[in-house]
Amino acid sequence: MSDKTVDRDTIIEAVVQAIPYVGAPLATLYFGNKQEKRFRRLEKFYQELKEEMSKSPNVYKDITQHNPEELSAIIEELNEKVESEHLEFKRKLYKTYFKKTMIQPVNGNFDERKLFLDILSAVTPLQIEIIVFLATQSSAVTSNTISKPGVEQAVILGSLAQLKNYGLIESTVNSIVVGGLNGSINENVTLSKFGIKFNNFCLH
């Protein structure tokens, strides 16, 4: 981690501490052992990878099949995301991403792999559930039929909209309800070709 990042964190911590009433305990909660936690996440990540990969057949490509500059950039970005990721669930998906990268070399496909990584860091657990669900469907699904107990329908529809912006799903208008508080657009949604590639590479 660069000195510039450490200096920035020190400045931000001082500013947070200066907030009346809540600043000091908040700074302790957030910044206490922050750097150590980031290092431990990365250390655990590679320790688990070592153990998992040593127990599986060698299906990994020779490192010379990668473009060295592209692979180095991907690994650097991956490390930063692992360090800052609080959810164990997401860190497991980063392990999947790493393994798939070692099986399918980074060579002339940097933009796609970088986009996969950026999307993986941005999507929520709910959005991942939606992607996995859509991947099991043989045809398009009506958006208002996608639901999860305890989750408002507006959250699901908003999640679908974001997935559409990422290029992971395609949609066609099924019906439009106009007027009052219940006005809405109901769509048929399915994974796009890019979404299928993302699912296969990052989630399985």
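First, a term I need: buried means under 20% relative accessible area, exposed over 50%, and partly exposed in between (1.4 Å probe, protein chains only). Helices (H or I, at least four residues) and strands (E, at least two) are DSSP runs, numbered from the N terminus.

Ground rules: this is a predicted model, where local features need pLDDT of at least 70, side-chain atom pairs count only at pLDDT 80 or more, and totals for chains, interfaces and linings use all residues. Residues are numbered from 1 along each chain as its sequence is written, and side-chain values use heavy atoms, with hydrogens and water left out.

**Entry 1: α8.** I looked up which side faces in. Ile156, Ser159, Leu160 and Leu163 are buried. An α-helix has 3.6 residues a turn, so residues three or four places apart point the same way. Just after α8, I found glycine 167 with a positive phi of about 85°.

**Entry 2: α5 and α9.** I checked how these two pack: the angle is about 95°, and their axes are 8 Å apart. Axes here are lines fitted to C-alpha atoms, for helices over the stretch in contact, and angles run from 0 to 180 degrees between N-to-C directions. In contact (heavy atoms within 4.5 Å) are Leu93, Thr96, Tyr97, Lys100 and Thr101 of α5 with Asn200, Phe201 and Cys202 of α9.
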